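Please study the sequence and the model shown below. The exercises that follow are each worked through step by step.

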Amino acid sequence: MTVLPRAFAWQRTDTTGGEFVTFDDRRGLYAKGTAFAADNALYSCRYDLHTDDGWASTRLEVTAEGAGWRRTLRMERAAGRWRVTTGEQGDLERVLPTAPFSGIEDPDRLHQVLDVDLYNSPLTNTLPVRRLGLHRAAPGTVSTIEAAWVLLPSLAVIPLQQVYEVLPDRRVRYSSEGFTAVLQLDAEGYVVDYPGLAVLA
């Protein structure tokens, strides 16, 4: 088993919860994380995330589980196409009747996606920041991307347009579907403060 050289932890500020990740970012990113929350249902999740050397996402594996249920998701990008597989044990819908199905019916809808965005994970906001060099870009720089938004705890995958605007003092304004937040970054582009969601511990 690979021992990873760095670690971060975020504390949720909107609910009981947090995220811990170990990672290696010397050539792209390889990260192994654990998160738990008591927002729309009490759950924990474990994930493995891989990017290529340019920080474009290549693989995400997630297991989410709670009392009486477990769901798994594997996303892998090769030759410009995403392959998405899922699994389920137990019954999440008993706990959360509005939970959508996991995965995505048509993975071809992800054909433009280079970034995955795990629901309420500050780590995954760093992926487009690093891939596009926004942590070193001049204030006023704006980039629009389409990400694969992975909902928790359902593990449904939704293509989602996102806008990142560079602000002074290592900040970026993140916007998507009417939602906006100003994220505080460190010098490497990692989120240290996501207002209303989480802070780096």
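**Exercise 1: The second largest pocket**

Pro 100, Phe 101, Ser 102, Gly 103, Ile 104, Glu 105, Asp 106, Arg 109, Ala 156, Val 157 and Ile 158 form the lining of the second largest pocket. The model is predicted: local features need pLDDT of at least 70, side-chain atom pairs count only at pLDDT 80 or more, and totals for chains, interfaces and linings use all residues. Residues are numbered from 1 along each chain as its sequence is written, and side-chain values use heavy atoms, with hydrogens and water left out.

Task: State how the lining of the second largest pocket divides by class.

Solution.
1. Ala, Val, Leu, Ile, Met, Phe, Trp, Tyr, Cys and Pro count as nonpolar, Asp, Glu, Lys and Arg as charged, and the others, Gly among them, as polar.
2. The lining of the second largest pocket therefore has 6 nonpolar, 2 polar and 3 charged residues.

**Exercise 2: Strand β4**

Task: Explain why strand β4 is largely enclosed by the rest of the structure.

Solution.
1. Strands are DSSP runs (E, at least two residues), numbered from the N terminus.
2. Buried means under 20% relative accessible area (1.4 Å probe, protein chains only).
3. In β4 (residues 42–51), 7 of the 10 residues are buried, so the strand is largely enclosed.

Task: Identify the strands that pair with β4.

Solution.
1. Two strands pair if DSSP finds at least two bridges between them.
2. Strand β3 (residues 30–38) pairs with β4 in the antiparallel sense over 9 bridges, and Tyr 30 stands opposite His 50 in β4.
3. Strand β5 (residues 57–66) pairs with β4 in the antiparallel sense over 8 bridges, where Ser 57 in β5 is the bridge partner of Thr 51.

Terms used: Buried means under 20% relative accessible area, exposed over 50%, partly exposed in between (1.4 Å probe, protein chains only). Helices (H or I, at least four residues) and strands (E, at least two) are DSSP runs, numbered from the N terminus. On a 1 Å grid over the protein atoms alone, a cavity is a set of points where a 1.4 Å probe fits but cannot get out, and a pocket is an open set with protein on both sides within 12 Å along at least five of seven lines; lining residues have an atom within 4 Å of a point.
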